[in-house]
Amino acid sequence: MKTRTRTLGACLAAAAIGLATLTGCSTTSSTNASSQTGLTKVKLQLQWFKQGQFAGYLAAVDQGFYKEQGLDVQILEGGTDIVPQTVLAQGQADYAIAWVPKALASREAGAGITDVAQIYQRSGTKQVAFKTANIHNVSDLKGKKVGNWGYGNEFELFAGMTKAGLDPAKDVTLVQQQFDMNAFLAHDIDAAQAMSYNEYAQLLEVKNPATGKLYTADDFTTIDWNDQGVAMLQDAIWANTGKLKDSKYQDQTVKFIAASLKGWAFCRDHVDKCRDITVAAGSTLGASHQQWQINEVNKLIWPSPEGVGTIDKAAWDRTVAIAEKTKNQEGHTVLTKAPDADAYTNDYVTKALTLLKSENVDVTGAGFQAQPVTLTEGGK
């Protein structure tokens with residue numbers, strides 16, 4: 001795909017924010033030729049397998065948004081044995097997607113990483129129960145079998161129980177949950193951990209044996225940690241702290257963020273297309289499940305009043321406070337001390353937003369409305 005020629009306004013905006021080498025802003029043919037054949041190779045490490053959770057990055061590749069910025073981005077899949085922030089810190093990737101508390105734990109342990117764009121503004125984690133279990137709020141978890149994945153995914157649950165006056169070590173029976181809903185469906189767990197965009201949808205893709213029809217939301221109750229005031233920041237773009245001292249990496253980071261955010265804006269406005277992009281990228285989950293995922297992820301991102309990707313200090317401080325004070329079942333906290341000032345910065349996302357505004361990209365999504373999605377059995 002050929003690199004697009006940018007408008008004078010876009011180029012002036014780029015110059016104003018210090019992007020000396022923005023692709024498409026030179027008037028010389030030699031620079032255009034170089035941008036078309038000499039793209040900078042960049043590796044992005046995901047924290048899980050390719051799915052709607054990462055649709056914005058997949059769309060940025062498919063739609064050529066990275067190429068517009070002179071980047072040739074390779075997306076590396078994650079998995080149960082891959083720690084994206086470690087891959088980044090070890091120089092095996094240029095950027096990584098990771099939850100903030102997990103990444104901060106790695107940072108405290110010595111990983112040189114910095115949050116440069118906070119994609120998810122809200123938490124997607126829920127605790128879900130069958131309606132017959134009569135679990136309507138956190139205090140109702142007392143005496144119940146409560147599932148959680150562990151591996152740093154459990155701290156919102158523990159913060160919520162602590163806030164509600166429950167002792168997680170005494171008042172509930174904690175169950176190590178697999179990354180599926182099988183134990184919950186078998187009623188081995190009363191309240192299971194689920195992401196709004198994944199495991200919760202898996203429940204709605206299963207037939208209720210009592211009716212022979214798919215379960216519906218009316219069959220369950222959910223506890224949303226956003227509503228409980230203990231939500232922690234999740235998917236963010238992390239950069240290499242040491243490399244951020246280099247001006248070329250700084251410019252590259254702005255370009256990478258801008259293209260990524262443009263991908264997310266595209267998926268906000270073209271859910272069906274991004275569903276197809278995600279499926280074509282090799283996801284093992286079906287089309288209706290991917291459509292649900294993208295739709296639900298959009299709810300976590302949009303609207304973004306301060307501009308998509310901006311790191312909200314209040315949300316950051318809340319995440320850090322929970323990470324410092326909340327103990328898990330082993331009595332451990334995520335952090336032993338507050339992270340230093342290099343843990344996050346809005347410098348690069350601010351420049352990226354200025355660049356996108358010059359292209360008339362809607363970076364706030366003020367009018368965003370989620371679309372209805374019909375799930376099918378098995379999410380096909």
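Does Asn 148 count as buried or exposed, and at what relative accessibility? In this predicted model, Asn 148 counts as buried, because its relative accessibility is 1%. Here buried means under 20% relative accessible area, exposed means over 50%, and partly exposed lies in between, with a 1.4 Å probe and protein chains only. Residues are numbered from 1 along each chain as its sequence is written, and side-chain values use heavy atoms, with hydrogens and water left out. Since the model is predicted, local features need pLDDT of at least 70 and side-chain atom pairs count only at pLDDT 80 or more, while totals for chains, interfaces and linings use all residues.

Asn 148 has its place in strand E6. Helices (H or I, at least four residues) and strands (E, at least two) are DSSP runs, numbered from the N terminus. Contact means heavy atoms within 4.5 Å. Leaving aside neighbours within four places in sequence, Asn 148 is in contact with several residues, among them Leu 157, Phe 158, Val 175 and Gln 329.

Helix H7 (residues 155-163) is largely enclosed by the rest of the structure, because 7 of its 9 residues are buried. Just after H7, Gly 165 takes a positive phi of about 85 degrees.

The next part of the picture is a sheet. Strands of a sheet pair through backbone hydrogen bonds, either parallel or antiparallel. Two strands are taken to pair if DSSP finds at least two bridges between them. An open sheet of 5 strands has the order E2-E1-E3-E10-E4, with mixed pairing. Strand E2 (71-76) and E4 stand at the edges with a single partner strand each, so one side of each is left without a neighbour in the sheet. Neighbouring strands of this sheet are turned by 30 degrees against each other on average, direction ignored. For such angles, axes are lines fitted to C-alpha atoms (for helices over the stretch in contact), and angles run from 0 to 180 degrees between N-to-C directions.

Although E4 (residues 113-118) stands at an edge, this strand is mostly covered, with 6 of its 6 residues buried. E4 pairs with strand E10 (residues 236-240) in the antiparallel sense over 5 bridges, and Gln 118 has Ala 236 in E10 as its bridge partner. E10 also pairs with E3 in the antiparallel sense, over 4 bridges; here Tyr 95 stands opposite Ala 239 in E10. Helix H6 (residues 100-108) lies across E3, E4 and E10, and runs at about 160 degrees to E4.

Tyr 95 also takes part in a ring pair. Rings of Phe, Tyr and Trp (its six-membered ring) pair if their centres lie within 6.5 Å; planes under 30 degrees apart count as stacked, over 60 as edge-to-face and the rest as tilted. By this rule the count comes to 17 aromatic pairs. The pair of Tyr 95 and Phe 256 is stacked, because the ring centres are 4.4 Å apart and the planes are at 10 degrees. Tyr 95 lies in strand E3 (residues 95-98) and Phe 256 in helix H10, so the pair ties together parts that are 161 residues apart in sequence. Tyr 95 is buried, with a relative accessible area of 0%, and Phe 256 is buried with a value of 0%. Tyr 215 and Phe 220, by contrast, form a tilted pair, 5.4 Å centre to centre with 55 degrees between the planes. One aromatic cluster is formed by Trp 48, Phe 49, Trp 149, Tyr 151 and Phe 179.

Helix H10 (residues 247-269) is also the place of Cys 267. A disulfide is a pair of cysteine sulfur atoms within 2.5 Å, and by this rule the count comes to 1 disulfide. This disulfide joins Cys 267 to Cys 274, with an S to S distance of 2.1 Å. The link is left-handed, with -90 degrees about the S-S bond. Cys 267 is buried, with a relative accessible area of 0%, and Cys 274 counts as buried at 1% relative accessibility. Cys 267 and Ala 60 are 207 residues apart in sequence and 9.5 Å apart in space, C-alpha to C-alpha.
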